[in-house]
Amino acid sequence: MFDSYHITLSDRAEPVLLAWPTEGNASGFISFEKATDWRVFVESLAIDARIPEIVQAKYARAQTLYLLGWADFSVVKAGELAALIALELGLIDRYGGRISKSKRSFAAMLRHMVEVDGLTDLNVDNVHLHV
């Protein structure tokens with residue numbers, strides 16, 4: 001769903017350094033020298049196509065903001081917020097019917113995901129590979 005090729009990025013004089021887990025180092029950093037490398041990285045953050053389209057659309061906004069972070073890295077923080085909003089919408093879609101409205105919060109849905117569905121770091125590929 002993420003289509004970014006209408007956004008033109010130019011190479012920078014300075015690389016972008018991003019805190020990101022690396023092999024064997026959950027608190028590592030990765031560096032991007034070229035705009036095309038950044039674009040490929042942002043595209044690699046795609047979510048599963050089975051996710052409801054409304055959630056995919058909201059997450060695509062986050063990816064667009066991540067991409068624009070190449071020009072102004074502070075925009076990445078806005079992308080993180082947009083990604084969290086997409087996650088919350090996905091959690092509501094998945095667990096909203098299982099938790100009463102009066103108790104339905106972001107934290108409650110995350111807790112439900114761990115306690116009832118058993119999702120832990122060992123079940124998340126990105127975390128499991130880098131710790």
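User: Why is Phe41 called buried?

Analyst: Phe41 has a relative accessible area of 12%, and buried means under 20%, exposed over 50% and partly exposed in between (1.4 Å probe, protein chains only). Phe41 therefore counts as buried. A word on the setting: this is a predicted model, in which local features need pLDDT of at least 70, side-chain atom pairs count only at pLDDT 80 or more, and totals for chains, interfaces and linings use all residues. Residues are numbered from 1 along each chain as its sequence is written, and side-chain values use heavy atoms, leaving out hydrogens and water.

User: What makes Trp20 buried, partly exposed or exposed?

Analyst: Its relative accessible area is 27%. That value falls in the middle class, so Trp20 is partly exposed.

User: How do you know which kind of aromatic pair Trp20 and Phe41 form?

Analyst: A search of the whole structure finds 5 aromatic pairs. In the pair of Trp20 and Phe41, the centres are 5.1 Å apart and the planes stand at 85°. Rings of Phe, Tyr and Trp (its six-membered ring) pair if their centres lie within 6.5 Å, with planes under 30 degrees apart stacked, over 60 edge-to-face and the rest tilted. The partners are 21 residues apart, Trp20 in the loop between strands E1 (16-19) and E2 (29-32), and Phe41 in helix H1. Helices (H or I, at least four residues) and strands (E, at least two) are DSSP runs numbered from the N terminus.

User: What makes the pair of Phe32 and Phe41 stacked, tilted or edge-to-face?

Analyst: The centres of Phe32 and Phe41 are 4.9 Å apart, with 50° between the planes, and the pair is tilted. Both Phe32 and Phe41 are buried. Ring pairs also join Trp20, Phe32, Trp38, Phe41 and Trp70 into one cluster.

User: What is the reason for saying that a charged end sits over the ring of Trp70?

Analyst: The charged end of Arg12 is 5.4 Å from the ring centre of Trp70. A charge sits over a ring if NZ of Lys or CZ of Arg is within 6 Å of the ring centre and within 35 degrees of the ring normal, and Arg12 is counted as sitting there.

User: How do you know that the span of helix H2 is close to what is expected?

Analyst: The expected span is 1.5 Å times one less than the number of residues. H2 (residues 53-68) has 16 residues, and its reach of 22 Å from first to last C-alpha is close to the expected 22 Å.

User: Why are the buried residues of H2 said to line one face?

Analyst: The buried residues of H2 are Val55, Gln56, Tyr59, Ala60, Ala62, Gln63, Tyr66 and Leu67. Seen down the axis, they fall within an arc of 160° (taken over the directions from the helix axis to the C-beta atoms), so they line one face. Turned away from that side are the exposed Ile54 and Arg61. The cover of the buried side includes H1 (35-44) and H3 (75-95).

User: Why does Gln63 count as buried, and what does Gln63 touch?

Analyst: Its relative accessibility is 3%, so Gln63 counts as buried. Leaving out residues up to four places away in sequence, Gln63 touches Phe2, Val42, Glu43, Leu45 and Ala46, where contact means heavy atoms within 4.5 Å.

User: What puts the buried residues of H4 on the same side?

Analyst: In H4 (residues 106-115), Ala108, Met109, His112 and Met113 are buried. They cover an arc of only 140° around the axis, which puts them on the same side of H4. Those buried residues pack against H3.
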